[in-house]
Amino acid sequence: MIVRLAAAALAGVLLIAAAVRADDLVPEPDSYRTENYRAPVPTTLAGARVLSTRETEAIWRAKSAAFVDVLPRPPKPKNLPAGTVWREQPRLDIPGSMWLPDTGYGVLAPQTEDYLKRGLAHASGGDLGRLLVFYCLEDCWMSWNAARRALTYGYRNVAWYPDGTDGWSRSDLPLQQTQPEPRPEE
């Protein structure tokens with residue numbers, strides 16, 4: 001009798017927890033996210049695979065994908081006083097990744113979109129079927145937007161790693177300092 005009561009109580013707690021968790025789910029939008037980029041993200045991306053840290057690590061270790069980081073690059077402040085030293089904040093990435101900063105916004109300027117297209121062509125070797133893994137930080141819509149955009153460019157093997165470098169670091173996986181892919185105007 002006590003075992004049945006305990007089992008029933010546990011089942012009730014699990015149902016309540018599942019209902020609360022379902023209320024917290026973020027729906028996948030119909031278009032790109034254009035504001036509040038650092039907010040909870042959906043658990044899905046239509047047309048793409050959503051990866052856990054374990055799955056991402058396995059792909060990385062197998063060297064079976066091109067990894068693309070889209071975290072924005074903080075701009076050098078305009079009108080710095082003469083003689084001011086500007087030090088860019090270092091970016092730590094999943095080793096071997098290509099960093100294409102500023103390409104995850106909901107709306108891209110034509111030159112930024114061209115930069116993304118050229119970067120993806122380089123990362124994929126021109127193969128629309130090559131696996132591309134997009135990421136930035138945890139709870140960051142930039143990688144969701146960029147992965148969605150890659151699908152519209154015809155890439156057929158797109159994956160999204162929503163935990164980004166935060167999840168990677170939490171799992172004690174290696175990170176390396178990287179520099180962004182150069183832009184034509186740089």
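This is a predicted model: local features need pLDDT of at least 70, side-chain atom pairs count only at pLDDT 80 or more; totals for chains, interfaces and linings use all residues.
Reader: What percentage of the residues of the chain count as buried?

Author: A residue is called buried when its relative accessible area is under 20%. Applied to the 186 residues of the chain, this cut-off gives a buried share of 39%.

Reader: Among contacts between residues at least 6 apart in sequence, what percentage join residues at least 24 apart?

Author: Contact here means that heavy atoms lie within 4.5 Å. When the contacts in the chain between residues at least 6 apart in sequence are taken together, the share that joins residues at least 24 apart is 78%.

Reader: Is Ser124 buried or exposed?

Author: Ser124 has its place in helix H3, which covers residues 110-124. Because the relative accessibility of Ser124 is 4% and the cut-off for burial is under 20%, the residue counts as buried.

Reader: Which backbone nitrogen does the side chain of Ser124 reach, and at what distance?

Author: The side chain of Ser124 reaches the backbone oxygen of Leu120 at 2.8 Å, and residues that Ser124 touches, not counting those up to four places away in sequence, are Arg130, Leu132 and Tyr155. As for a backbone nitrogen, the side chain of Ser124 reaches that of Gly126, at 3.2 Å.

How values were computed
Residues are numbered from 1 along each chain as its sequence is written. Side-chain values use heavy atoms; hydrogens and water are left out. Buried means under 20% relative accessible area, exposed over 50%, partly exposed in between (1.4 Å probe, protein chains only). Helices (H or I, at least four residues) and strands (E, at least two) are DSSP runs, numbered from the N terminus. A polar contact is a pair of N or O atoms within 3.5 Å; within protein, one must be able to donate a hydrogen and the other to accept it, and residues adjacent in sequence count only if both atoms are side-chain atoms.
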